[in-house]
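Take a look at the model below.

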Amino acid sequence: MAIVAEQSRFSRIFWPTLAWITAIVVFFPIFWLVFTSFKTDADAVKPEFLFKFTPTLENYSNMVDNYDYWRFAGNSIITSVFATIFALVVGVPCAYAMAFDPTRATKDVLMWMLSTKMLPAAAVLYPMTFLTKNFLGIYDTKFLVIVVLMLVNLPIVIWMLFSYFKEIPKEIIEAGKMDGVDTWGEIKEILIPLAWGGIASTALLTFIFCWNEAYWTVRLTTTDAATLSSLIEGNRAPEGLFFGRLSAVSTAAIGPIVVLGWFCQKQLVRGLTFGAVK
Amino acid sequence: MSKRTLPRLLQTPAVLLLLVWMLVPLSITLYFSFIRYVLASLNRPEWTTPSITNWRGLGNYIFVWNNDGFWLAIYNSVFIVTSIIVLTVVLGLATAILVNRSFPGRGIVRVLLISPFFVMPAVNAVLWINMILDPVLGLQGIAVSGINEFSENMRSAPLIGWFFSLWPELTPISFRASQTSAIAVIMMVTWQWTPFAVLIFMTSLQSEDQQQKEAAILDGAGKWAMFRFLTLPHLARPMSIVVMIQAIFHLSLYAEIEIVSRGNGNKNLPYLIGEMATNNIGAASATGIFAVILANIFAIFLLRMISKSLME
């Protein structure tokens, strides 16, 4: 690329430097959160200790006493894992049928599924509370959170899987049919090994979405099934006095997910644009 | 079993689940929106339980329609969503173009840039409103008092002292108040979603036709002309997707609004519904139906666009 190489010395240095500065500025709030988590609550609000302070792990070791961290984290892990698994169990056969045996209705069904994602949650908040509390008796259970998280993410799961499955040549699946493999065998022996990468990234992204979900998880739970989102959002204590411990628990809540997110940047584009941008 | 039966069977669980998930709560909302249903109604105890005998017709809708809070909430919803979209598209485009070249450490820059997107919304709000924007204890407060102290000290300095005596004393802004909480929400959500725009624009920029660009250079096209007539049209579709998806997500913002102002600040439509739903269920449901209509207006555009670009 001869033409692009003709850059002036100025732009060779200036633009990368600007890119680095932008990246650092963007990342700064996260850095600040982690940084503050190593200060004591008293140090965290004193300007003289802004950068110079004695780091401490106190906030992390007291996290369990202060916030009962593991109960919430446990709920987050259990609900996110099972919601992801169930979404895949329901989503893989559906996307498989849509990708390899499309009918004239397939396109409309896919669009309709996506449209359920656009229904404003607030509009059905009270009916959901009403139903689950008064009729089903499953309010504030992990079961409810799992079901809701699964339903919320199912359209995206199906769309992502569909866009991965479509890339598999139909002939391979048909060759399997010729050899007399039944549908279950096709899914298990041919589809899953071939689309393994796509299924894994769908799972990863769904897990992230479940973990970060902050509407239903907060509003359909009180104590037993409350997740990390509830823990952080419900923190109504005089927050200013507890920057240190608040930072520690927040860091612990986002740490694993941010790191996980680094590994699925590319899939994120596909997942969030429902496959429209690859 | 016929050839068509099995594929249908495989799709049935997903379709049924989503159908129930969509229809059941929504029909209850619709029902509640036509009856009088008030949880704490001391004078009219019959209104505290849902019943068809409390039929109110379009009464709840008219009540909501004539309520100033409702229009304010719509205004806030639209203001917040529009501001976030404009900011993320502009900043995202600039950043994507900035990073769309090879330079040392590009991988790390990408990782740093994308990170905010994975931060839990509740943590995002807690972090910004407390540690960054708090007028006393946050970085904002510390910076403002630092600047004030600096100019105070400089006033007595010889020669340049007069310059600093012209400086007004800065007062930190409280972002929990009713006029400013929307600004705080816009700031934090823009921070979180600009990475999304960057990522999509970056992906799209990589598929730009390089030969076309080289041909344009040979034809003597300037940088701006190339951007305006080649890059921008190429980005039109990703841009519209960024706009629409964000519209859908941000119309239902809740956690950030709650954490920033705890009900004392700018309320958007979902927040207003949540507040009403603690007492006047009828009105909350009618507002909910209005929110569904508003979301549908956006959704129709999005679905059209995606269906066009995806199904070829």
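What follows is a short walk through this predicted model.

Residues are numbered from 1 along each chain as its sequence is written, and chains are lettered from A in the order in which they are written. Local features need pLDDT of at least 70, side-chain atom pairs count only at pLDDT 80 or more, and totals for chains, interfaces and linings use all residues, while side-chain values use heavy atoms, without hydrogens and water.

Start between the chains. The contact (heavy atoms within 4.5 Å) takes 97 residues from chain A and 91 residues from chain B. Together the two chains bury about 8,700 Å². Carbon and sulfur atoms hold 80% of that area. Buried area is the accessible area (1.4 Å probe) that two parts lose on being put together, summed over both.

Which helix of chain A gives the most to the side that touches chain B? Helix H2 (residues 9-36) does, with 15 residues. This side of chain A divides into 71 nonpolar, 17 polar and nine charged residues. Here Asp, Glu, Lys and Arg count as charged; Ala, Val, Leu, Ile, Met, Phe, Trp, Tyr, Cys and Pro as nonpolar; the others, Gly among them, as polar. Helices are DSSP runs (H or I, at least four residues), numbered from the N terminus.

Salt bridges need a side-chain nitrogen of Lys or Arg within 4 Å of a carboxyl oxygen of Asp or Glu. Between chain A and chain B there are zero. The whole structure has five. One pair is Arg219(A) and Glu233(A), with the closest N and O atoms 3.0 Å apart. Arg219(A) sits in helix H13 (residues 216-219) and Glu233(A) in helix H14 (residues 228-233), 14 residues apart.

Conventions. Helix = DSSP H or I, 4+ residues; strand = E, 2+ residues; numbered from the N terminus.
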